[in-house]
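This briefing goes through one protein model, topic by topic. Please look over the sequence and the structure before reading on.

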Amino acid sequence: MNFDYTEEHLAVRDAAREFAQTELLPGVIDRDTEAKFPHEQIKKMGELGFMGMMVDPKYNGGGMDTVSYVLAMEEISKIDASASVSMSVNNSLVCWGLEKYGSEAQKEKYLKPLATGEIIGAFCLSEPEAGSDATSQKTEAVKDGDHYILNGTKNWITNGSTASVYLVIAQTDPAKGHKGISAFIVEKGWDGFIIGKKEDKLGIRGSDTHSLMFTDVRVPVENRIGEEGFGFTFAMETLNGGRIGIAAQALGIASGAYELALAYSKERKAFGKPISQHQAIQFKLADMATNIEAARLLVIKSAWLKDQGQDYAHASAMAKLYASQVAMDVSVEAVQVHGGYGYVKEYHVERLMRDAKITQIYEGTSEIQKIVISRGILR
Ligand code: CAA
């Protein structure tokens, strides 16, 4: 057993840390307040190779492993979880799904520009009445010669207005339940595709979350991913990897909040000494550090399993379940360590606390992770 990172892992981590400090930290409070998407920063992340990290270099990707991706996600998420959710969806849902299951023509046309961050993608599964219960979706794609006619509404779509390419999951044969669901690539700007309202969110306010409406959108047959009926499996397999990215985001939020609390506790004095010298604070710091380390082990293990070509569905659900709970607990405690200062924007921890909550909701709620884990145990 070897717990060491390689030199390449450390170089990626350091590059992500440097980028987050110099390019994401300035302006992060304003972007959160104004709910402003980090356009410039995401463009630079593409140029630095953070938007298609695991994609094969023959499709313009970084050819890196999942452990590198997780290390980069943690560093970016410490500072700006809005930028990191965009990065996560592009890398682990859109690029991975296309590289694993797309046709050669789809990879040439869509994966190559997605992997460089020249364009970004969105993953469209959730609907107004089908979030956790993904089989119950109503969006329909009806075959019409060499096209499908797509009708329906998708909700809570990350990169909703900034994406150029959308992977859309739709019913092609409702009578067949989850085996009658297919996946399609839809381009922004096609007739009948309307980007709906932007959500005004508690956290990750810099990310653009939208509803999307499809009315008689003509999707060429060659834009179907895999066979008809493969869409549900496509979504489930893609989300298994997506959960590693979100678990890494949660880990980053937790470690970002912890680092701020640790630094503050050494500076802030009360009762004649730094508050870090009071046992009440020391116990908090000890709990935070221990829980973060446990989350890190689960996150890295799930990434490692994926890199080894082993089954990681169960492990990624465990990593997401645990890391998201740690993100919540640690960020709340980090605010507490800061006292009143923790409750104002300038000190960053209140934003991290608001951002933490979404990691228990998207890419499957904590309850969905428990379903995936228990099915793995009982199988
Ligand atoms: N990996 C691979 N395959 C899976 C799977 C997994 N984790 N979970 C289920 N499947 C397969 C099953 O093996 C089964 O296949 P077969 O019929 O071939 O045997 C098939 O899928 C159906 O399985 P179930 O009968 O278990 O399906 P279900 O209807 O009971 O639902 C569920 C299972 C796990 C609850 C699933 O619906 C689910 O994961 N829901 C959550 C969806 C989700 O995460 N949504 C998030 C939206 S995306 C997002 O948030 C992105 C963003 O923008 C940030």
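Helices and strands are counted here as DSSP runs, a helix having at least four residues and a strand at least two. By that count, the protein has 11 helices and 10 strands. The model is predicted.

**Overall form**
- The protein is as compact as a globular protein of its length, because its radius of gyration of 21 Å is close to the 21 Å that the globule rule gives for 379 residues.
- The C-alpha trace spans about 80 × 45 × 35 Å along the principal axes of the protein.

**Packing and contacts**
- Of the 379 residues in the protein, 55% are buried, where buried means under 20% relative accessible area.
- Taking contacts between residues at least 6 apart in sequence, 74% join residues at least 24 apart.

**Surface and charge**
- The protein has an accessible surface of about 16400 Å², and carbon and sulfur atoms account for 53% of that surface.
- There are 41 positive and 50 negative charges in the protein, and their mean positions lie 4 Å apart.

**Annotated domains**
- An unreviewed UniProt entry places the feature "domain: Acyl-CoA dehydrogenase/oxidase N-terminal" at residues 6–118.
- Residues 6–118 are 72% helix and 0% strand, with 29 Å between the end C-alpha atoms.
- The UniProt annotation "domain: Acyl-CoA dehydrogenase/oxidase C-terminal", also from an unreviewed entry, covers residues 231–377.
- Residues 231–377 are 78% helix and 3% strand, with 25 Å between the end C-alpha atoms.

Conventions:
Residues numbered from 1 in each chain as written. Predicted model: local features only at pLDDT ≥ 70, side-chain atom pairs only at ≥ 80, totals over all residues. Heavy atoms only, no water. Rg over C-alpha atoms; globule rule 2.2 N^0.38 Å. Buried < 20%, exposed > 50% of the residue type's maximum accessible area, 1.4 Å probe, protein only. Contact = heavy atoms within 4.5 Å. Areas by Shrake-Rupley, 256 points an atom, 1.4 Å probe, with all protein chains shown as cover. Lys, Arg positive; Asp, Glu negative; His and termini not counted. Charge placed at Lys NZ, Arg CZ, Asp CG, Glu CD. UniProt positions renumbered as here; feature names shortened; annotations may be inferred.
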